[in-house]
Amino acid sequence: MVDPIFDYQFRLILIGDSTVGKSSLLKYFTDGKFAELSDPTVGVDFFARIIEVQDGTRIKLQLWDTAGQERFRSITKSYYRNSVGALLVYDVCNRSSFEHIPLWMMEAKRHIEPHRPVFALVGCKIDLVGTDNKNGARREVTCEEARMFAEENGLHHVETSAKTGLNVEEAFVLVAQEVYNRIQTGEYKVEDGWDGIKTGFNRPNGMDFNLLEAETVQSTCC
Amino acid sequence: MPSSDSEDFESADEGQTHTERKERKKRLSSSNYSENALESDSGPKETSTLTGKVEKPKAKTTDGWDDFDIDNPEESNTEVKSKEPSPKEEKQPKAKEETQPKAKENVKSQDTGWDDFDDWGQDDVISKNEMEQTSKPVNQSSNQQQTDRDIKEVTDRLASASTKGNSWGWGWGVDSLLSTATAGITTATAGFTTLTSQVSQGISTVLESGIGAPDPEELARKNNKEADTSAPKVEDTKPDEVKAKEDQPNAGANDGAFPFGSLLSGVTKFVETTGTKVIAGGLDTLETIGKKTMEVLQDGDPGLAKKRAMLGLDSGDKPVLSQILREAKAKAEEEDKVREEKREAKEVHYENLFDDFEGLVHLEALEMLSRQVTMRIEERMRGLDPEKRQDIKETLQQVAELCEMPEEDDEDDEPPSEGMSKPDAFHEKLQTATQDLGLKLVFQPLVKQYTDVLDWLDSSDPDIGEKAVYKRAVSSLAQCTALAVLVYHKAAEMLLVKPRRSTADEADALTQMTVVLTKHISELATLFTEKLNSISSENKEQINNHITNIFLEAGNSSTYIQNAFQLALPILQIGAV
């Protein structure tokens, strides 16, 4: 069992077309395992893992794994609101999943408002690229165009493989660090009635403590 | 030369009484400086004669010390009370000040300055001696005996040095028994850096910078002021100053150096007032120097560990390192303990466990759905005319009634079918209850959890502690509740995307499922309390406490489950309107 002590909890949501690999990505991230076959997600599933950001602060990531299937779309919409970060997931071997990314992003922005989440663009199934074409797998989304899209929209971009584990950790740490940085700069705050960021079991007054610390640091600078 | 030596020693001893001070002053003014020129030639010779003589006067000074003991209290008292600020207070800093200018001066004229310098060196020696013996500067004042002995030496030295013009060699020769510190200071100024040890460095620092002495300008100013205001005490000083001024040109020193002059006068005065005052002052000075020296030595180096290590007096820094390691370990253990306690606290904290098993987040997600659907229902009703709205309200009410929990009935508590395990029976009940729901709900996690609990209860060590059983009980209840909430959440999601609704059946199915689940919770609680009761522990009270808590948490679990059910109500209702 993981060490249950953490300083913050961030709620991240994974969105994207069905079968792009959201659940597999999360399974690898939280379990270190990869399943060749898995049932499609119903509504939303939950995963959790504690990571550490650069200064050693322990962050519990509560990960909302939404169903990509069209029929659940009306339901998953309800789940966006309390997220502080959103991973826009596409399949590098599925062109249309990448083309739907702007729609997913707009949807997320609309439902998470007035909060501004941290977005990351995550390409999945990178392990299929470069192998022979027997599986019919072929890169349909180049790294360059994905990166370009990410830059235009101010997102982080990373290509991953839930099979080999490549960049899986990085994708989540990237978002967590960015959220944490925004807490440090005061852009994000713990708010009543919004569960995007919560303080952990460890520190009931964690937020105050941190704000105080940040202020003192600033004052010494000036 | 020898004659003058002995004379000086005598005068020093005599000088310890007030009456003879003035007389001695006169003598000094006439003899001391005028002799310097001659003495400078015969320095080396002196050394040999002196070494022999030092012992004798020492015996004599014992008498002087008796005097001192009597006289001193007054003196020191006045000092402490600062009633007479001018002579003594000034004297101390002045003497100290002199070390700096003297260092330069001495190059030109090694006369009076050196007397004083040696004295100072000796003071330091004594302080160092004390330091070595007591290692506690604070004890210095209380360590009267020790100080007495030391001061005896000082008086000897003072007395001898007072008339000694060229005491460079003198101090060097006689002081073989005196410490390295003298040497350190002498050499530091004279440039014998080879001998400078850590200690002497420290002492030089004291002499140069420390002992709380006012800076030279301040002193000079003070002197001027005093001369102007012509305080009675200053009269003593004035002739000295003149003398010093007179003396300086003789020695070939700077003519217009009034500060130096006054400093020199300080020296002279210091020498001249060798009596009880000097000794009293010397004693205080000694203390001050000793303390300051210790402070400087210990600055950033408590216990002198580093310096001792540097001097090779210790067996290296091993004990220090081990100490650090020990402390670090203790600290780490303390942190671990705190962490462990937190974890421990969390382990048996129902809400936290419920959260860890994703129960809370499923409940929350279900709540989100529920709210959304409720809003949708209200929206629909708003667009309708009042009559239809009333119909819908009635329908909603009917569905809500269908979902009311039946009265507790123990009758259908039929035993599980023959040849069927408890978990299987549980699974069957759940499936029977929800067969009209029209959904493929997954109960495996709940059944597996039940199996695990039963296995654990059967296989666990009969000597297991009540704490462990209690922990497992709370954890199992939290997990079971979380899994149950998950089922409601999934059911709600699937109902919302279900193409054809049959609200009445759905409501009935969910109600039955709720009954099965709450009964299951009771069953779990009972299993664990039975286990607790089977434990033969002398701490019956603790066990009863645990049992109470388990039933409390079971009640908590049932509440969560029924809340989840109530949250699912709008989802059932929307199928009907």
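Is R110(A) buried or exposed? R110(A) is exposed, at a relative accessible area of 52%. The legends below describe close-up views of a predicted model.

Figure 1. R110(A) is exposed because its relative accessible area is 52%, over the cut-off of 50%. E107(A), in contrast, is buried, with a relative accessible area of 17%.

**Figure 2. K27(A) and D31(A) meet in a salt bridge.** The distance between the side chains, N to O, is 3.3 Å. Helix 1 of chain A, residues 22-31, holds both K27(A) and D31(A). Four residues separate them, about one turn of the helix. K27(A) is partly exposed, with a relative accessible area of 31%. D31(A) is also partly exposed, its relative accessible area being 42%.

**Figure 3. A salt bridge connects two loops of chain A through E187(A) and R116(A).** Their closest N and O atoms lie 2.7 Å apart. E187(A) is in the loop between helix 6 (168-184) and strand 7 (197-199) of chain A, while R116(A) is in the loop between helix 4 and strand 5, so the pair ties together parts that are 71 residues apart in sequence. E187(A) counts as partly exposed at 40% relative accessibility. R116(A) counts as exposed at 54%. These two residues belong to a network of salt bridges that also includes E178(A) and R182(A). Over all chains, the whole structure has 23 salt bridges.

**Figure 4. Strand 4 of chain A is covered on both faces.** Strand 4 runs over residues 85-91, and seven of its seven residues are buried. In a regular strand, side chains alternate between the two faces of the sheet. On one side of strand 4 are G85(A), L87(A), V89(A) and D91(A).

**Figure 5. Strand 4 of chain A pairs with strand 1 and with strand 5.** Strand 1, residues 8-15 of chain A, runs parallel to strand 4, and four bridges join the two. Within this pairing, I13(A) stands opposite A86(A) of strand 4. Strand 5, residues 118-124 of chain A, also pairs with strand 4 in the parallel sense, over seven bridges. A120(A) in strand 5 is the bridge partner of L87(A).

**Figure 6. V158(A) is a buried residue of strand 6 of chain A.** Strand 6 covers residues 156-159. The relative accessible area of V158(A) is 9%, so V158(A) falls under the cut-off of 20% for a buried residue. Leaving aside neighbours within four places in sequence, V158(A) is in contact with L121(A), V122(A), G123(A), N167(A) and A171(A). R147(A) is 11 residues from V158(A) in sequence, and their C-alpha atoms are 8.3 Å apart.

**Figure 7. Chain A and chain B meet in a contact that includes a salt bridge between R11(A) and E364(B).** The N to O distance in this salt bridge is 2.9 Å. The count between chain A and chain B is two salt bridges. Chain A gives 28 residues to the contact and chain B gives 21 residues. About 2200 Å² is buried between the chains, and 58% of this area comes from carbon and sulfur atoms.

**Figure 8. In chain B, F426(B) and Y450(B) form an aromatic pair.** Over all chains there are 13 aromatic pairs. The ring centres of F426(B) and Y450(B) are 5.5 Å apart and the planes stand at 75°, so the pair is edge-to-face. F426(B) lies in helix 19 (residues 422-434) and Y450(B) in helix 20 (residues 444-459), so the pair ties together parts of chain B that are 24 residues apart in sequence. F426(B) and Y450(B) are both buried. Chain B has 23 helices and zero strands. Of the 577 residues in chain B, 49% are buried.

Terms used. Residues are numbered from 1 along each chain as its sequence is written. Chains are lettered from A and ligands numbered from 1 in the order in which they are written. This is a predicted model: local features need pLDDT of at least 70, side-chain atom pairs count only at pLDDT 80 or more; totals for chains, interfaces and linings use all residues. Side-chain values use heavy atoms; hydrogens and water are left out. Rings of Phe, Tyr and Trp (its six-membered ring) pair if their centres lie within 6.5 Å; planes under 30 degrees apart count as stacked, over 60 as edge-to-face and the rest as tilted. Buried means under 20% relative accessible area, exposed over 50%, partly exposed in between (1.4 Å probe, protein chains only). Two strands pair if DSSP finds at least two bridges between them. Contact means heavy atoms within 4.5 Å. Buried area is the accessible area (1.4 Å probe) that two parts lose on being put together, summed over both. A salt bridge is a side-chain nitrogen of Lys or Arg within 4 Å of a carboxyl oxygen of Asp or Glu.
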